[in-house]
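Subject: Structure for your review

Dear colleague,

Please find below the structure that I am handing over to you. My notes on what was found in it follow directly after.

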Amino acid sequence: MAHNKVLPPRPYFSMTLLSAAIVAAMSSSVYAQSNNNPISNSQVNNSQVNNSQIDELEDVVVYGIRNSLKTSADFKKNSAVVVDSITAEDIGKFPDANVADSLQRVTGIQISRDRGGEGRFVSVRGLGSQFNMTLLNGRTLATDNSGRDFSFDVMPSEAISGADIYKASMASLQEGSIGGLISLKTLKPLDNPGLHIKASAGQLYDDGTEKFSGQYSGIVSNSFMDDTLGASFGLTYSKRHWKADTYESFTERAISTADVDVDGDGNNDAVNAWAPDIITMQHKFGERERIGAVGALQFKPDERIDTTLDFFYSNYKTPERSYSYNINFGTASDFSYSALQPWSTPAEDDGVPIDYIATGFSAGKANLEIGNDTQERETDTYMIGWNTIFQATDALELTMDLAYSKAERPNKGDNMYTVAGINEVAYEWQTTAKGVPMLDCMTPDGRACWDINNEDIAVHFMELKGEQVIDEAVSFRFDGDYDFNFMALDSKLEFGVTYSTREKDKAIYKTANGCSYCSSFDRRVSQVGITAVLPDAVNYDAGFDTGISYWPALDPYALFAALRSFDRIEGQEGRFETQIAPQLRERESTVIEEQVAGGYLQANVSGDQWNAIAGVRWVQTDTTSNGHIQDLKELQKIPGSSNYQGVYGDSIAVSEENTYDNFLPSININYDLQDNLKLRASASQTITRPTISQLGPDLNWEINSGTPRVSFGGNPALEPIKSNNYDLSLEWYGENGSSASVAGYYKDISNFIFWAGETLVYNITVTEEGAPPITEDVEFGSGRPYNGDTATLTGVELALQQLFDNGFGVQFNYTWADSTSNTTVGDVTIKGELDGVSTNTYNLMGFYETDSYSARLSYSYRDAYVAGARSGKWGNPLLNNDYASLDLSLSYDINDNVEIYLEAQNLLEEYNHRYYGDFAATKYYEQYSRRFELGARFSF
């Protein structure tokens, strides 16, 4: 008997004859079924392993990086559409600690990172996460965010056995993504019959916090009753202590100045320049704790029946605290500008050119604000599903799948936002090469601002808030495959029906008026015997010198206690409960209900060297958007402040319905130019439904902004974004997993959702203490989302994977992308580019693997990109800097049962920088820390 081994013996587990046949058949349609992924019953060609091949095999040894890459290449080769794949190196061992980090190494994939540098959302071919769909075992997974896009930070990597990224569409694939469909898979126990026990234990070290935290996982799988019954269960636990020292500009403004000689002629010049208005330096820190469980019970009494019950559960806690040092230049006087630089992308403010950036100035009598911003996020996500495959006849296969998923994030006002401080301080400002300023600050009595103490600090803006989200999804699908001969050609007819319901409940809790204690910083906490300053000062390190390295940290609970004390001494008992205690904000809360029914018909015809799949998918979507509206009746001026308190009318319940149908045709053609050379072409029409947060009738009155606003959060009449897609690829497959490919794609996108701004006029009564009320027309800025914009996306993808016989291997991929967009702003259409599209993205990975050692070094890079075309300033879009990540993975087998490993992420200590067309016009800056994990894996 022959053994199919890739490298010298380093076995993780062996398989029987049955499992050998399953592995060999991964290139056929059986692969999709055996991985409990009922997306399609004909995702790959019909090549089967013959009996003589099975007789040749006694067992198959499966292990390591090499086998993972080879399996992924085989799946890509035999798939019917343009697809990439990632396969676990072993049970419970996905390539990276974070699933998003593994996905970023796939051609054409980029990720966005949460605070602390962890991947959370995934973009496919430059289209953001809201344009893509993520499925778990072929099913929609509920999420705790307010949209549809899946938050990958809740997913333990140990729970995943593989991920397939579909870049082209078929009628049998679930609709909902114009970018790509990401299909995550969990283990099915009869894929690998027998007893398998895997465990790992490690310690994660965060270079930013200099703290260790535990990382543990274990999974057991076994088969019974002559391998007809299988059960598996896995449990994971991970924790991380993180911190991030950030800089952010909350608001900006245009200024006119004649203080600087910009042309060197000895005279000061009258020019217009960009300058920050309110800035903040923040010391953020917290813990991220994740508990995950996954399991399956599979029964396969014969070759005709395969039924599986599986579940997934995740509890994710990520409490966060932020101590901030804020400067409100809008309250300052005595400005003096010492340095300006030309803006690399000149802008306009109401037709007035803004040609310069203020890079140095002084400001007197400004407010110094020391803040707290605590975020409480704990989410429970789970799914339970039942899948049955029935081989009714030799030609007819039927599949049924039923699933329920729920995500819940309870927060009824647990977040605390406070601002305290002093006024009339003096500042010196100077930008640096990295775009973050050097600051010097002095109090009226000549002290450094960071030396203020409990005697100086007064309460100001105080708010309690939270967002509670409950998301529930039920899905059912029934699929059929019928094999037949058509004109001597192998043919298959695929058909199916789907039905799903989803309800997302978003409840907003907020303080009624966070500025009810705002007047002139005259309520010092020391007056009521409260100590708000914590013993340890903030240790601020943004990665370079900012002139500020510490400031007093304040206890938010002590500040809220001070408010109650002020209420008592000022004779206003109950003010805290009516003004500060969190209340349900009905006008900003929504319940979105969605029902989707559909079906598809697809034909698959194969010749000697070709395969063609053509089909159409029909779906009908019904949405009901529930919420409340509430009119603003009166603006009451707060004494000693420039802010107002609003008086509102009754909250009135509203409900709006919408229905739309879509027919989505597709065709995919594959032609084998040679045995190892494949040409693919496809054309399809796809949709992305509006993200759920865009469908609500919710509104928010912003009465204390420079120009008051009434913002409509959504539009219940929105319809899906549509895209006509064209793909062409040439793929070469060598021996032992080596491969190369070049692919081109083009997307013509219509019905794009844009934000239309407008000015609304409301007749409102304005009152001020000591003055008669005035009823007048007040202009409010406003806007809401609409369909109508268009865009195009063009790209080229190159990929190379070479596995050498000496244990070395290399993987490289590169993506070039170009986009155009027609963005509607008011009555004007602006031509630009799509948000999130990097022109150049590439990944390079090298590895070495022997019977005992494994080493992998990975480098990922993406160009700068537009982070927000509509959130820019005076015609300049918000840009994000380029980003590179260098990661290292090492492991050594002590024996057949024990392996030690070392993982390192972000060795280059990369940073995230967002700016308005010029580095000096910074919106946000954060440097990410390095992370190291050392541990051991056990196999029995």
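Cys 441 and Cys 449 are both buried, and a disulfide joins them with an S to S distance of 1.7 Å. Please bear in mind that this is a predicted model. The torsion about the S-S bond of Cys 441 and Cys 449 is about -65 degrees, so this disulfide is left-handed. The count of disulfides comes to 2. The other one links Cys 515 to Cys 518, at 2.0 Å from S to S. The link of Cys 515 and Cys 518 is likewise left-handed, with -120 degrees about the S-S bond. Cys 515 is buried, with a relative accessible area of 1%, and Cys 518 counts as buried at 3%. With bonded cysteines counted along the chain, the disulfides follow the pattern 1-2, 3-4.

Both Cys 441 and Cys 449 are also in contact with Tyr 325. Which residues touch the most other members of the largest nonpolar core? They are Tyr 325, Tyr 427 and Trp 551, in a core of 60 residues. Strand S17 (residues 352-375) supplies the largest share of this core, with 7 residues. Another core lies apart from it and has 27 residues, among them Phe 94, Leu 141, Phe 150 and Ile 182.

I turn next to the charged pairs. Side chains of opposite charge can pair when their charged atoms come close. The count of salt bridges comes to 47. One of them is formed by the side chains of Arg 125 and Asp 727, at 2.7 Å from N to O. Arg 125 lies in the loop between strand S5 (119-124) and strand S6 (133-136), and Asp 727 lies in strand S33 (residues 721-733), so the pair ties together parts that are 602 residues apart in sequence. Both Arg 125 and Asp 727 are buried. They also belong to a network of salt bridges that links Lys 76, Asp 84, Arg 125, Lys 167, Asp 727 and Glu 797.

Two further pairs may be set beside this one. Arg 477 forms a salt bridge with Asp 479, in which the closest N and O atoms are 2.8 Å apart. Are these two residues buried or exposed? Arg 477 is buried, with a relative accessible area of 5%, and Asp 479 is buried at 0%. Glu 577 and Arg 564 form another salt bridge, with the closest N and O atoms 2.6 Å apart. Glu 577 lies in helix H7 (residues 575-580) and Arg 564 in helix H6 (residues 556-569), so this pair ties together parts that are 13 residues apart in sequence. Glu 577 is partly exposed, at 40% relative accessibility, and Arg 564 is partly exposed as well, with a relative accessible area of 37%.

As to the strands, an open sheet of 5 strands with mixed pairing has the order S3-S8-S9-S6-S7. Strand S3 (83-87) and strand S7 (139-140) stand at the edges, each with a single partner strand, so one side of each is left without a neighbour in the sheet. Within the sheet, strand S8 (residues 162-166) and strand S9 (residues 181-185) pair in the antiparallel sense over 5 bridges. Asp 164 has Ser 183 in S9 as its bridge partner. Helix H4 (residues 64-78) packs on this sheet and touches S3 and S8. The direction of H4 makes about 155 degrees with that of S3.

In S45, 5 of the 6 residues are buried, so the strand is largely enclosed by the rest of the structure. Strand S12 (residues 229-260) runs antiparallel to S45 and is joined to it by 3 bridges, with Tyr 247 opposite Tyr 925. Strand S44 (residues 911-915) also pairs with S45 in the antiparallel sense, over 5 bridges, and here Tyr 911 has Gln 927 as its bridge partner. S44 and S45 form a hairpin with 6 residues between them. In the turn, Gly 917 has a positive phi of about 75 degrees.

With kind regards

Note on methods:
Residues numbered from 1 in each chain as written. Predicted model: local features only at pLDDT ≥ 70, side-chain atom pairs only at ≥ 80, totals over all residues. Heavy atoms only, no water. Buried < 20%, exposed > 50% of the residue type's maximum accessible area, 1.4 Å probe, protein only. Helix = DSSP H or I, 4+ residues; strand = E, 2+ residues; numbered from the N terminus. Pairing = 2+ DSSP bridges. Salt bridge = Lys/Arg side-chain N within 4 Å of Asp/Glu carboxyl O. Core = buried A, V, L, I, M, F, W, Y, C linked by side-chain atoms within 4.5 Å. Contact = heavy atoms within 4.5 Å. Disulfide = S-S within 2.5 Å. Axes fitted to C-alpha atoms, helices over the stretch in contact; angles between N-to-C directions. Lists of a residue's contacts leave out its neighbours within four places in sequence.
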